[in-house]
Amino acid sequence: MDPPFPSTASAPTTPADDRGFYRPARRVGLLGFLAPATYELWWLWQLFAFTRREKFPHARAFWWILVPFYGLYVIYQQFDDLKEALEGISSPVRLSAAGTVWLFIASTLAGSAGSRASGLTGLGFFVASGVLFAAAAYMVQRAANAYQEARYPGRQTRGMTTGEIIATVIGVVIFALAILGAVAGG
């Protein structure tokens, strides 16, 4: 059974052997919407692990996203490295690093506005935040899958990992509580 998050004690895997970031883009988009916050953090953790395994030029540790403003730049660098890698293998799939990071920023701003608003207005911002993140995650995951298909042919998508299940369950509970709070007038 895979640990929910990569551990330093686990044996290192080579990029060719690892299937950790090869998953259906539709599932990533759907869960990005239905399980806000926790799935987003888990997915970003996986993205950063993927870019480090692939030795992308600007690969960084996940924790850099916690630095205000610079964290958004680091996320942009990961998206841009993936875009460059796709162009390097002449993939038909394209990714706009700037466009996806703007979706990510808009998602963050909508989530922030949702936490300040109350009732159905707050829920509306919360839902908008989820939709924007889901769109960004779908596009990045689709690009990452295309890169991995070209680089490692014959790769199969994997089922949900333990970490993905945990992040999804917690996120769905958060979403349900947000809906309940909005309906209850809180």
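Buried means under 20% relative accessible area, exposed means over 50%, and partly exposed is anything in between (1.4 Å probe, protein chains only). Keep that handy for a look at the salt bridges here, each being a side-chain nitrogen of Lys or Arg within 4 Å of a carboxyl oxygen of Asp or Glu. The structure has four of them. This is a predicted model, where local features need pLDDT of at least 70, side-chain atom pairs count only at pLDDT 80 or more, and totals for chains, interfaces and linings use all residues. Residues are numbered from 1 along each chain as its sequence is written, and side-chain values use heavy atoms, leaving out hydrogens and water.

**Around Glu 164**
- Glu 164 pairs up with Arg 23 in a salt bridge, at 3.5 Å from N to O.
- Glu 164 sits in helix H6 (residues 162-183) and Arg 23 in the segment before helix H1 (25-34), so the pair ties together parts 141 residues apart in sequence. Helices (H or I, at least four residues) and strands (E, at least two) are DSSP runs, numbered from the N terminus.
- Glu 164 is buried at 0% relative accessible area, and Arg 23 is buried at 0% too.
- Arg 27 joins Arg 23 and Glu 164 in a network of salt bridges.

**Arg 151 and Glu 54**
- These two side chains meet in a salt bridge at 2.5 Å, N to O.
- Arg 151 belongs to helix H5 (residues 119-151) and Glu 54 to the loop between helix H2 (38-53) and helix H3 (70-88), so parts 97 residues apart in sequence get tied together.
- Arg 151 is partly exposed at 43%, while Glu 54 is buried at 9%.

**Within helix H3**
- Lys 83 bridges to Asp 80, with the closest N and O atoms 3.8 Å apart.
- Both lie in helix H3, three residues or about one turn apart.
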